[in-house]
Amino acid sequence: MTDLPQSIDATLDLLGRGGYVADRALATVLFLSLKMRRPLFLEGEAGVGKTEIAKVLSATLGRPLIRLQCYEGLDMASAVYEWNYAAQMVEIRIAEAAGTRDRAEIAGDVFSERFLIKRPILKALEPTVDGRSPVLLIDELDRADEAFEAFLLEVLADAQVTIPEFGTVKAAEPPLVVITTNRTREIHDALKRRCLYHWVDYPDAERELAILRTKVPGAAETLARQVVAFVQGLRALDLFKAPGVAETLDWAAALAELDKLALDPETVSDTLGVLLKYQDDIAKVRDGEVGRLVEEVRRKAAAG
Amino acid sequence: MSAPGADPWREHRLAENVALFGRVLRRAGLPVGPATVVDAVEALIAAGVGSRDDLYWTLHAVFVTKRDHHAVFDEAFRSFWRARGLVQKLIAMLSPVAPPRAPAEPPKAGANRVAKALFGEAAADRVVEKPEIEIDARMTFSQKEILQARDFAQMSADEILYAKRAIRDLVLPVDRVPSRRKVATARGREIDLRRTIRASLRSGGGIIPLAFREPKTVHPPIVALVDISGSMSQYSRLFLHFLHALSERRRVSTFLFGTRLSNVTRPLATRDPDEALAACSAAVPDWSGGTRISEALRLFNRDWSRRVLSGGPIVLLITDGLEREGLDGLARETDRLHRSCRRLIWLNPLLRFDGFEARAGGIRAMLPHVDEFRPIHSLAAVADLCGALDGSAAERFDPRRWLRQVA
């Protein structure tokens, strides 16, 4: 169990301890979100490390991670709470058999916490064993439909949920909320308004190399440098989907598995599928760009 | 001068300066309300200001809610805080060592808007270079991008009449798809347990009247890509009225393209149709200029397709397809667009000619990749567009028919 960081530098340290190499912009917005108890809204391309931030927070702060993966049609019953209908039905039958006829009494009994099935958001409003609020990750919010965003407004603004039959459940200490989106659609301003916003961009070469060293320690130094230079070169091309950090790490790990110490055009061609996920992109890069990029990477390495 | 030991934040009028800065951002087009300013002050107090960077990113965290706003914020920050020497004052207060001054940089994106917001119209020209008319050498058929805000909000009486009639006749009978959300129904296949339990409690649990639910059906969203080059502008104008009417009933994203691609979804959402179209024309600099279809589709596929093509939309592409260069690219981009939507419907005013043949290279490049090929040749054809949306494609709109004729 670790206390929340008290400065931007402490936040950077905290992320560093969790193996997350962050820039100062991200550390600032994260620190503010923790300090001001505001949800953190992270937007960016797939694979730049948005979800990872929540995981690292949970690990370094020693708080449980509650994850809500969003999808189209996600509704309150799967995200917030549901009633245990079968148990309720049995309870009604028992009450009936016992001769209870008072409707208010039955209703009060049936709609009590005993019959409440808690889903991620309701769980996140309860303190954990040692009294600290958990980390709530609302992942890929853009996958859910607009109607779902309205549910979230109350949770995000006041850390509370209203259950019609039961009343309002309010967290003693609001959870640490991280929301991620890949921008497959725009999120409503009302929701963004309640959060601190940050665009997570692809890292620069230096930071990407630092990430690679942390995450794939098995990769040789030359290979790591070349991999980063190659991927940075790819991102400068006009691709449909540029490779993210996750792809860089996968690729470096794959090349390390193949016992490669440096890049050569054949290996690159054979393993492009790890980096690029669209056939058009692969074809485009394979037809002519591979040789040029590898050459450039080698030249840079020789010069630097 | 305040008494020694007074709150340093108060002494330097932090709140006032942040409020002023917020107003500058608002005038520059960022959605900054009073609550945001309060947040910003809170954030500054929470973070403390250790360096120019920290001040920058702290304010950034609160004021910027969209990636597109970053450039404007950046410019506003540089102009506002440096001009007043406030950063230095704030940092000097909290740090024993004065930070080095940043060297002057060339003007960046958003500079013009921010300069206007800060100093009014008169000063704007001092900060940025004079606007130039862009001349694109690659365009052979329309060499100049005509930078004008043409007033297309003024429709003729006939146009209004037809548009209104089309809107009144707008019936979308089978244009619905089931969503994953459920709604309560009187009868159906799936039992709604929650309502059933509640209903049974009403009778003290004695009777259990079954309640049902079923998937809700919704209109699929519509994405419209509208060509506003010179030859197309009169059709586009009317078509925008149609889209405006449609957007009151379902999710519609609208893009205009000529020499550039502009997203006019927000301007078009203005309630009054004339105001909406005026806002659109104000937002688009290249009305009635040339067109580069291939480039427009490429930009759409790259920058927007992932953002607006969720939920399986119907894409309406309104263009005459008269592209003369980069036909490979055109075919590839149309194909990409086709693969990422529910249905791709091409509306082409050239079909108004009886002897129309799909001989033009651009048209032949695009035709194999669309699901329907329809005319929008007359005002009455607007009403016909409703038919284009209901999914019952007639054989005469099959694009392969045109390709067979040419072959």
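**How the two chains meet**

Chain A and chain B bury about 4,500 Å² between them, with 53% of that on carbon and sulfur atoms; buried area is the accessible area (1.4 Å probe) that two parts lose on being put together, summed over both. Please keep in mind that this is a predicted model, where local features need pLDDT of at least 70, side-chain atom pairs count only at pLDDT 80 or more, and totals for chains, interfaces and linings use all residues. Residues are numbered from 1 along each chain as its sequence is written, chains are lettered from A and ligands numbered from 1 in the order in which they are written, and side-chain values use heavy atoms, with hydrogens and water left out.

**Between chain A and chain B**

- Tyr85(A), Tyr197(A) and Phe240(A) supply 14% of the area that chain A buries against chain B, more than any other three residues.
- The contact (heavy atoms within 4.5 Å) takes 52 residues from chain A and 43 residues from chain B.
- The rule finds 14 salt bridges across this interface, a salt bridge being a side-chain nitrogen of Lys or Arg within 4 Å of a carboxyl oxygen of Asp or Glu.
- In one salt bridge, the side chains of Arg251(B) and Glu146(A) meet at 3.6 Å, N to O.
- On the side of chain A that touches chain B, the largest share, eight residues, comes from α2(A); helices (H or I, at least four residues) and strands (E, at least two) are DSSP runs, numbered from the N terminus.

**The two domains of chain A**

- Chain A is divided into domain 1 (8-73 + 120-200) and domain 2 (205-295), with bounds from an automatic or database domain assignment.
- The centres of these domains, taken over C-alpha atoms, are separated by 31 Å.
- Domain 1 and domain 2 of chain A bury about 670 Å² between them, 54% of it on carbon and sulfur atoms.
- In domain 1 of chain A, Gly19(A), Val21(A) and Gly47(A) lose the most area to domain 2, together 59% of what that side buries.
- Two salt bridges are found across this domain interface.
- Arg207(A) and Asp23(A) also join their side chains in a salt bridge (3.9 Å, N to O).

**A sheet in chain B**

- An open sheet of three strands in chain B has the order β1-β3-β2, with antiparallel pairing; two strands pair if DSSP finds at least two bridges between them.
- Its edge strands are β1 (177-185) and β2 (190-191) of chain B, each pairing on one side only.
- Six bridges join β1(B) to the antiparallel β3 (residues 212-218) of chain B.
- Val177(B) stands opposite Val218(B) in β3(B).
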